[in-house]
Structures are given as structure tokens and as C-alpha cells.
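Thanks for coming. I have a few minutes on one structure, so please look at it first.

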Amino acid sequence: MKKLLLFFVFFITFSVQSQIFWTEYATAQPINDTGVSSISIIDTNNTWLNMFWHCGMPPCATTIRQYSKTTNGGTSWITGTIDLGLNSSDLLVGNISGISSTVAYASVYPIASTLGGIWKTADGGTTWTRQNAFNDTNSFADLVHFWNANEGVAVGNSVNGYFEVYTTLNGGNTWTRLMSTPALLPINTSERICVNNFTVTDNTIWVATTSGRILKSSDKGATWVTMQSPIPEIGSGVLFEITQRFGQMAFTDQNGGLFITFERNNASGIRLYKTSDGGGTWSEIMYTGYARSYDISAIPGMPNAYVTVGEEYDGINTGSSFTVDGGLNWVDINSVDELVVQGAIVAMHDADHGFAGGYSTTATEGGIFVWGGGAMLRQAHLNVSTFPGDKAVIASPNPTTG
């Protein structure tokens with residue numbers, strides 16, 4: 001107990017000193033109020049961002065196809081246009097999956113009658129080339145993910161009666177569409193894959209659908225199974241689309257994961273669920289503290305540890321929180337940090353490296369928050385791991401009940 005009390009004093013000291021969990025840097029965007037819609041962390045130095053213009057309620061008068069990337073861990077960023085060819089204005093980017101500072105892939109979907117698909121850059125973003133996949137006029141590529149320079153998967157909405165799933169084993173030189181299986185059949189004509197709403201742990205990928213289902217592959221996209229999420233429908237991950245219910249999931253290993261959901265404009269509607277069988281079954285957590293509602297990321301290498309963030313226009317949910325005991329208790333980072341995260345996306349590489357989305361103020365101000373809370377996180381995790389029976393040690397100074 002003495003160790004627990006010492007840690008609580010340590011936590012309060014951090015609060016008084018306004019310990020910096022986040023540091024904001026500029027993403028070098030040419031349009032003010034540009035945000036982040038996907039984060040692809042390759043290593044502790046290299047990260048790619050997909051950008052969007054925070055235009056407010058849709059439809060947006062202006063759309064952008066812009067990336068930003070860092071090669072020094074996030075202290076400086078460069079940006080560029082994702083040139084998708086003659087029909088660029090009819091296309092939007094769902095997410096970017098980076099391989100190195102020079103190679104990355106983008107999932108692209110149409111907002112008018114033109115072909116989307118997968119585009120690749122091999123020269124750091126200067127030029128982008130369409131891959132041979134998603135060639136049907138009804139194709140809609142929702143996401144792409146690469147495990148390494150050769151192995152990747154791309155998932156899209158239903159075409160010819162089943163979801164389009166492509167895999168590549170040679171860095172996109174060839175893409176092969178999977179044959180129809182029961183797991184790839186939509187349960188109704190309106191079920192779609194949620195844009196950029198997926199999570200990956202080792203060789204396993206979980207993908208959300210608008211009907212509240214989860215498609216899961218444990219072999220890098222080669223075979224799939226389906227399971228039900230804790231909610232009957234999931235809003236699309238496209239930030240331009242207004243949906244009433246939203247859900248995001250994250251896993252710290254092959255079995256343990258969290259699913260967080262909320263109803264838009266309903267701050268009391270945040271609910272949290274856990275699974276211990278890889279998403280097969282879920283149970284609700286009656287948690288303490290404040291879990292943010294819009295995105296969640298597991299912290300690789302730290303079991304039961306997660307970071308959540310809330311969206312800027314969601315009022316009370318703005319900011320970030322973390323847990324080190326699988327979601328039972330949450331620390332409100334807002335109460336101990338000088339900076340409040342304003343974006344709707346977070347991704348962690350490990351306890352010491354991660355990013356949360358922000359919004360650019362000018363080309364030299366704002367846009368991305370870089371994580372710096374590793375010491376606090378490890379101390380909290382150590383105490384909970386040592387004394388798992390006493391969770392009060394990680395409660396924030398003024399906890400609330402979710």
C-alpha cells in the first residue's frame with residue numbers, strides 16, 4: 001500500500017507541474033483548419049498522415065487529397081498533394097498505409113462516377129500510381145493495410161454479391177480478389193465496410209461494417225470470419241459523414257480488446273465494452289474516470305493499456321485519456337496537461353511514441369500532437385501490475401463515472 005500511496009503523490013505532483021503528455025507540431029498544411037483522418041506509424045522516426053479539411057457539416061465545399069509525413073519522430077513534417085490523375089476532384093482518400101519514407105499506399109473511394117481503388121507512391125509522395133484492383137464501376141475501396149513491403153490487404157464494399165477483399169504478396173505488383181465465402185457476404189443490401197475503421201495486431205486485422213459486424217482475419221487477409229460488435233450499427237469512419245452512432249475498437253493482443261461507442265450529441269452516451277476472445281463476445285465495463293469517445297488505440301507492448309481521444313465539436317469529449325487496467329479506470333489527461341487534444345484520431349507505436357490528430361492554424365502552426373507521456377504511463381502500469389487488486393491508484397484527481 002505504501003507504494004500505491006507514493007504513486008498517488010507522484011500523480012498529483014505531475015498534475016501541479018502540468019506534466020506534458022502531448023506536444024503540438026505543425027503539419028505544414030496550405031489550408032488552415034486541416035485535420036488528420038489516418039495515421040500510419042512505420043517506426044519511431046517515420047509516420048504518414050492522411051489529411052482532411054475540417055469544413056464543418058457536410059457537404060463540404062472544398063475537398064483535399066493531401067498527405068503529411070515525418071522522418072524524425074514528429075518534430076517536423078512535410079506535406080504534398082496526392083495526385084490521383086484527371087478525376088482527382090471526384091475522389092477522396094480513406095487512409096494511407098506507409099512502408100517507408102518513400103513507399104506508401106492509399107485507399108481511394110469515389111464521390112462521383114469514377115474509379116477509385118488503391119494508389120501507390122514509391123518516391124515519397126511526389127507521384128502516385130493506381131494499382132490493378134477495385135476495377136468495377138461499383139467498387140468502393142474503404143481501407144488498405146500493409147504488414148511489410150510485400151504483404152498487404154485492401155477491403156471494400158460489396159460487388160457482385162460479396163465484399164471486395166484483395167491481397168498482395170509482392171508489394172502491389174499483383175492484387176488477387178478473394179473468392180466469395182460466407183464471411184464476405186453482406187447481411188443486407190445496405191451493409192457497407194466502414195471507411196478506415198479497422199485495427200491490426202500482429203497478423204490479425206479486425207474491420208467494422210455499418211451493420212455492427214466485425215470481419216476478422218488472423219492470416220493477413222487470406223481467410224475471414226465474422227462476429228458481432230456490441231452495437232447493432234456502426235457509423236462510417238469518414239469524418240465528413242454525419243452518423244448518430246459511432247464505434248471504434250482496439251486490441252492489445254490476439255484476445256484482449258476494447259470497443260468504445262457513443263451517440264452523437266449525447267455526452268452521457270459513451271459506453272465501453274471488453275472482449276477476451278478476440279471479439280467473439282463482448283461485455284460492458286462499468287468504468288471509473290473519463291474515457292474519450294471518438295477513437296481508441298492500444299499501446300503495443302503494454303497489456304491492458306489504451307489511449308482514447310474525443311472529437312473537437314463534441315464539446316465535453318474534447319481531449320484525451322488513458323487506462324492501464326483494461327478500461328476499468330481512466331486518467332483524464334486534460335487535468336494534468338497544458339495541451340488539450342482536439343482531433344478525432346489517435347495511434348500508438350509503443351509507450352513512448354504515438355500521435356493524436358489536431359487542426360492546423362497556419363502552415364507553421366498546429367496539426368498534430370506528439371506523445372510524450374511514456375514515463376507516467378509505465379509508472380501507472382507498473383503499480384497496477386504489482387498491485388492489481390487496488391485500482392484507485394490510477395484514478396484522476398476528480399474522477400467521474402462513465
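This is a predicted model: local features need pLDDT of at least 70, side-chain atom pairs count only at pLDDT 80 or more; totals for chains, interfaces and linings use all residues.

Residues are numbered from 1 along each chain as its sequence is written, and side-chain values use heavy atoms, with hydrogens and water left out.

The sheet is open and antiparallel, with 4 strands in the order 1-28-27-26. Strands here are DSSP runs of E, at least two residues, numbered from the N terminus, and two of them pair if DSSP finds at least two bridges between them. Strand 1 (22-26) and strand 26 (346-350) are at the edges with a single partner strand each, so one side of each has no neighbour in the sheet. Inside this order, strand 27 (353-357) and strand 28 (367-371) share 3 bridges, and Phe355 sits opposite Val370.

Now strand 15, residues 204-209. Is it buried or exposed? 6 of its 6 residues are buried, so strand 15 is largely enclosed by the rest of the structure; buried means under 20% relative accessible area with a 1.4 Å probe, protein chains only. In a regular strand, side chains alternate between the two faces of the sheet. Here Thr204, Trp206 and Ala208 are buried on one side, and Ile205, Val207 and Thr209 on the other.

Strand 14 (193-201) runs antiparallel to strand 15 over 5 bridges. Strand 16 (213-217) is also antiparallel to strand 15, over 4 bridges. Val207 stands opposite Phe198 in strand 14 and has Leu215 as its bridge partner in strand 16.

Terms used
Buried means under 20% relative accessible area, exposed over 50%, partly exposed in between (1.4 Å probe, protein chains only).
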